[in-house]
Amino acid sequence: MNDDLLIQRLLDGTMTPAEHAEVNQRLRDDSALREHLRDIAEQAVAMGDMARQREKDTSFRSPHSAGKGARYSSWLALAASLTVLAASAWLFLGSRESPVLTLVDASGSIAWSHGGEWRTEVRIGESMSAGTLETVGESATAQLQFRDGTLIYLTGESELSFSEDGQKLLVLRKGSLSAQVKPQPKGKPMLVRTPSAEAEVVGTVFDLSTRSDDTLLKVNEGLVKLKRLSDGSAIDVPAKSSALASLDSSLKLNSSTTPAPLSAWSFDFTSTVPPRDWRGVWHDTAEGGRMVSSPYIASRRPAENMITHFGVSVRTGMLNPPLTLTATDTSIVRYRLKQDQPSPLQVMLLTSVPKKGYYGGNFECVIAADELKPDTNGWCDIEIPVSRFKPLDQRQQIRERHPSPVGNILTAVLLSSFQKDTKLTVARFELSATSAR
Amino acid sequence: MPLDHEIILRHLFAARQRLSAAAFLIVRDAHAAEDIFQNVALKSVTREVSFEHEGALLSWATVSAKREAIDWLRKRKSETLGLEPDVLDLLDREWQSKSAAPEGPRMEALRECLDGVPANSRRLLELRYFEGRPCQEVAETVGAGVEAVYQRLSRLHRQLKQCVEQRLSPT
């Protein structure tokens, strides 16, 4: 096999053991081949940079466009990265050892890093000193409490650095959080920084999501001051209002009334590009758009092996304008989907408690393969009444505390195949309160 | 006197392409490589480390990026075969020996060359390196065989290299 093909198979991860030995030996012996491989790696990284930049600059539909008209130069993104890094460094200068947060509740996998230590097992009730907490996997959640009773609820694949040395300092590098903040000392508001914005909080209830190019804020109670990092402009966002702080400073920074909660809503992937922060890969086809499942970490076994599912998520916190989707006792979850082989599916509802924003429980419904009745083109329409959803957590006290999703806010709805890529493809999601059409 | 955080970050971002590319050779995922670089940059200003000079910082960053990349690979692609440690060391050493030359003009030339790539070839590169799809998926998407995708990618990489060299050539 020639050098080029060997290198491509190396990068594609499709080498046989014999080819693996051969390519390593050729690289040991041939400095020109090593130089070629370094060139390829630099090109790949530069291509990734360029494609990311081009995607941000383009105004036509593309598979991962978060929205239209987002335009900003790469230095802004770099500046944002530096800002978050600097903020992270700043918060770590504070008290390192004294407990800052207690883990009140969690589901799925979480990891806490602190002072060079990386722990993947944190017990409920354990106190954590300044560090970084990560909820690993689409269905992971963590509820955290500061010493003054302030509650933070992290959901999905989120990463939060935290510190408190007279003032609460948080850096949300990715994902979403909800916070129920007790009144803070005068002149020392809680600060939450993201790559694109900083929220200054005195005492309130709010939801914050950081997306690729912007930060979404939804204030439920009280007032939050939101500063856009790209130009330093700031606004006060009052209760029942929302705002979006973009890296694109040409967009107007203002707040608007949060739409009323809905119990019926749908998302048509065939005609609408989903937010890029949703799980799945959106493809535009001649027959319309499709959301194809992508792998995520469902859980970790004790020996640290990860269980991977392939899923498509609908994360309400990542939508602009914000969506508050409520489960009622007549709710029905509907999907139009197809798979390339019959396989059972899991539908999960990740929920939070209305107005308070904290953990409302995760719920699961398993759809047996023989329940799926594909048409001649392979498409299935499934309907799942809310009564079929059962608590995911096996702990009795958690099941009693969160017995049903009814009355809760759906922060995410996740459809997955179990540990097997069945090329699960979704054309439409719907939550309704009506019986079969 | 130890480097302050701003200087650390400036040095790291100046060497970003090399550090990310070195991580890419391990993880073979451009986005993961970028994440790894970001993690290393974060650690450089958050952990109890200090650096007396740029060389110490970049040596630490190279080792840290490699460790992070191996860790990433162990967790996500444990069964794929990659480069042997001694080969990675060799690549790193040669990379570092060339790092005295500023990355800027070379990267600028590379970006200009990438800009000039025809749309269908650019699509191939994006599917492979931006969307991170395996070549089998790329092949299915563009309606070609996987071997043809390997060949087209190889040809594109060599054309880009030639283009960069031409642009950097003084004549």
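**View 1. Chain A, five helices and 26 strands.** Helices here are DSSP runs of H or I with at least four residues, strands are runs of E with at least two, and both are numbered from the N terminus. The model is a predicted one, in which local features need pLDDT of at least 70, side-chain atom pairs count only at pLDDT 80 or more, and totals for chains, interfaces and linings use all residues. Residues are numbered from 1 along each chain as its sequence is written, while chains are lettered from A and ligands numbered from 1 in the order in which they are written.

**View 2. Inside chain A.** Of the 437 residues in chain A, 46% are buried (20 or more other C-beta atoms within 10 Å of the residue's own, with C-beta atoms placed from the backbone). Take the contacts in chain A with a separation of 6 or more: 59% of them join residues 24 or more positions apart. A contact means that the two C-beta atoms, placed from the backbone, lie within 7 Å.

**View 3. A look at α1(A), a mostly covered helix.** Seven of the 10 residues in α1(A) are buried. They are A:L6, A:I7, A:Q8, A:R9, A:L10, A:L11 and A:D12. Just after α1(A) comes A:G13, with a positive phi of about 70 degrees.

**View 4. Where chain A meets chain B.** Here 38 residues of chain A are in contact with 46 residues of chain B. On the chain A side, α1 (3–12), α2 (17–29), α3 (31–57) and α4 (74–92) each give two or more residues. The largest share, 15 residues, belongs to α3(A).

Conventions:
A residue is buried if 20 or more other C-beta atoms lie within 10 Å of its own, exposed if 12 or fewer, and partly exposed in between; C-beta atoms are placed from the backbone.
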